[in-house]
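Have the sequence and the model side by side for this one.

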Amino acid sequence: MKRRSESFFGLHFDFHATPDRAHVPVGATLKEEEIRKICREVRPDFIQIDCKGHPGWASYPTACGNAMPEFEGDPLALWRRVTAEEGVALYMHYSGVWDAKYCAAHPDDTVLRADGSRSEYAARTLGRYADDLLIPQLSELALKYKVDGVWVDGDCWGTEADFHPDTLAAFEKATGIDLGGKLPANRGDDYFEEYREFCRELFRSHVRKYVNKVHRVAPDFQIASNWAYTDHMPEPVSADVDFISGDLNPWDSFDSARYAARAIAQQNRTWDLMSWNFRAQDSIIPCHVPKHPTQIMQEAAAVISLGGGFQNYITQYPEGAPRMDEIMPMKAVGEFARAREPYCFRGKAVHQAAILLSTHDRHRESASLFSRNGCEKIMGLVSLFADAGQSTELVSEHTLEGNYDKYPLIALPELFEGLREDTVEKLLAYARNGGSLLLTGQNTCRIFEKATGAFTAAESGNGLFTCNGTEFGAVSSALTFEAASALTVAGFAPSHRDAKKPFAVVIPFGRGKLALVGANIGKAYFESAQYTYRKLISALCEKLYSPLAAIESALGLLELTALEKDGQLMLQLVNSNCNHGGKSHATWDMIPPVCNITLSVKAGEGTRFVLRPEGRELAARYENGRAYIDVDRVDIHSIIQVIG
C-alpha cells in the first residue's frame, strides 16, 4: 500500500455516528463486495472512513468506552481486511478537540468561556482528554486494527480560548503576568493577544503530545491534524505530522481550493485537499445535492495543478454503509486525475508573483484562535491574480524569510492590524534592492505611507476607476495618491465627468518599485467580481515584472501556474470559468471551455512544448527571447510540458 506521501487520489467517507441517527446496528448493511468494488473500479490510493465524529461516538466496537450501542460484526475490521487485500491504504476520520460526548461526561475538562458557560464541543487542551481518550484510541486503531493513519478533524478550528482557573494560572506562571482577576476576554483588554497566543501554544503542544506518543508505539501510523499549518494556521510546522490536509468550503470549493492549496504548498510537506461531492443543505437547497463529476474535476484541478493530492468527500449512510450511487461516478474523476498525475503531483511552484498571508495579522483578525474569519480579502486577491493569468503563490513571514529576493513581485492584501516592524523593514529592503512591492487597501497603504514617506494618500470616497478612460469599475472608500515620479496606472473620480486622480500608481523606490492600489480590491473581487479589476491587475503587473510565462490572450478565464517537476517546467492551465460561489447555481454539468489561447514563455529556439495529457506537440514562434504558443481550448485542466 502507498504511503500518504505517494498518494495522489483518495476518497473520504464519514457519518458522525450518533445513536439517534442509526436506524439499524452499525455495520448491518455494510457489504464486502461493495468495498471491493470501490477499490477495484474507482481505484483510490487511500480511503478514509468514519471512526469518531463530532458527536463523540465511535462507529466501531472500540474498547475505549465511547462505542455506539449496537453493531453487527466489526465494520472497521471488514474495511481493513478488504482494503488491505486490495492494496488500498485505510485512514480514519476522527474528531479531535471537538467531542460532544466527552465534554458532556467531563464538564470540568471542557473549555470554560469568559461568560462562565461551557463549550458543548471543545475539550480543554490542557486537560485530561488527550491522555484519557485521544491517545489510547488512536493507539488502538494503529495497533489492533492496523489502519494506516488518521485524519484528525475538528482540531485547530475547533479549539477555543479557555478561561478555566487552571489555564489562567498556567498563563500567569508561564508569562509572569498578573491578571489581577481580570479576564483578557475581549479585544482591547489588557493581555488579550498574549492570552490568545498562550492558548494557541496549548493547542500546538496538544498536537505535539498526541502525535509523538502515538508515533512512539506505532511509528508507521500517519497523522494529520485537519487544517493545521494551512491558511487557518499559517505558521511553521511545529509538530511531527505526517501530512497536511483540509476539507474545502462546500459552497465554493473551487475558490477555496485555489486559496488553501497555495497556503499549504508553501509548507514543503506532503499535502492534499478534500472537496465535498455535494452542496450542503441551506435555506435554498432542502437537502444535500450531489455535484456532477465535471464540477468535481474542476475543483480537483485547482488542487493538483499546484502539486498536491486530491480527495473527495461522500457521506456514509447512518449505519456506516457507503453510498455506492454517489461513489461510482468518482471513477471518472479518478481517471481525469490519473491522466495528469505524472505532470503535476509533488511539483513545486516556480517563484513568480507572491501574495502575503501574514501570520501576525491573521492571528489578530481571526475571531477564534485559528480560523478563516476575515479571509475574503486574501482569497479574493488570490482569485483575482489567478483569473488575471498571474502565476501566484501564497507566502507567510516564515516562508519569506531568506527568500524575499526569489520573488519578482510581492503583493499585500488589505491588512487588519498590520505587520511586525521587522517585516515592514524587510519588505521595504526587498523593494529598495530591486523587488516590486504591490500594496492594496486603505490600511495597508496608510501603514506604508507612514513607514516610507514616499507618497501621500487622500480619502476620496466612492466612485469609478479606469485604466484607459473607456472601461470603468466601481470602487468604494478609495484612496488617491501623490508621489514624486509616480506613474499613474489607473485614475479615480466620483463620476465619469469629474477629473481623475491617481488611484493605482507605480513609484520608483531604490532599485525597485512600490505599486499602490487605493482600495480593498481583494474583498471587492470576492464579493462581486468586476472584469475591470482583472484589467487593473494585468496593467500593474506589466509595469512591475516580466513573468516566466504569461497568458497573452484567451477567450475565458484561464489560471496559469508555473510548476517545476522532475527538473522540467510544467505550465498548468486551469479553466476557472463558472460562478463558483454564487447561490444562483448550486451544481452544474458543463463548464464553458477557454478558447483561442496564446501563451508566451521565456525560452530559446529549439525548445519543445507538449500538451498533456494528450501528448500533442505544439508549434512555437520566437521573438525577443520568448516563445509564443497557441492552444485551441482548455476544457478543464491541461498542461504544457516544456522540454529543453
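What follows is a walk from overall numbers to local details.

First, the ground rules: this is a predicted model, where local features need pLDDT of at least 70, side-chain atom pairs count only at pLDDT 80 or more, and totals for chains, interfaces and linings use all residues. Residues are numbered from 1 along each chain as its sequence is written, and side-chain values use heavy atoms, with hydrogens and water left out.

Let's take the whole thing in. The protein has 17 helices and 31 strands; these are DSSP runs numbered from the N terminus, with helices being H or I of at least four residues and strands E of at least two. Along the principal axes, the C-alpha atoms fill a box of roughly 75 × 70 × 45 Å. How does the radius of gyration sit with that of a compact globule? With 644 residues, such a globule would come out near 26 Å, and the protein has 26 Å, so the two agree. The radius is taken over C-alpha atoms, and the globule rule is 2.2 Å times the number of residues to the power 0.38.

Of the 644 residues, 60% count as buried. Here buried means under 20% relative accessible area, exposed means over 50%, and partly exposed is in between, using a 1.4 Å probe and protein chains only. The accessible surface comes to about 23,900 Å², and carbon and sulfur atoms own 49% of that; the areas come from the Shrake-Rupley method with a 1.4 Å probe, and for residues only the protein chains shown count as cover. Look at contacts (heavy atoms within 4.5 Å), and among those between residues at least 6 apart in sequence, 72% join residues at least 24 apart.

Ser 7 lies in the segment before strand S1 (9-14), and at 3% relative accessibility it counts as buried. A polar atom of the Ser 7 side chain lies 2.8 Å from the backbone oxygen of Arg 3. That's a polar contact: a pair of N or O atoms within 3.5 Å, where within protein one must be able to donate a hydrogen and the other to accept it, and residues adjacent in sequence count only if both atoms are side-chain atoms. Setting aside neighbours within four places in sequence, Ser 7 touches Lys 2, Asp 45, Phe 46, Gly 309 and Phe 345.

Thr 110 is another one to look at, sitting in strand S4 (residues 110-112). Thr 110 has a relative accessible area of 1%, so it is buried. Its side chain reaches the backbone oxygen of Cys 103 at 3.3 Å. Beyond four places in sequence, the residues touching Thr 110 include Cys 103, Arg 118 and Ala 122.

Tyr 191, in the loop between helix H5 (165-175) and helix H6 (192-217), has a positive phi of about 65 degrees although it isn't a glycine. Tyr 191 is partly exposed, at 35% relative accessibility. Asn 624 also has a positive phi, near 55 degrees; look for Asn 624 in the loop between strand S29 (620-623) and strand S30 (626-634). With a relative accessible area of 75%, Asn 624 is exposed. Then there's Pro 613, in the loop between strand S27 (608-612) and strand S28 (616-618): the peptide bond from Arg 612 to Pro 613 is cis, with omega near 10 degrees.
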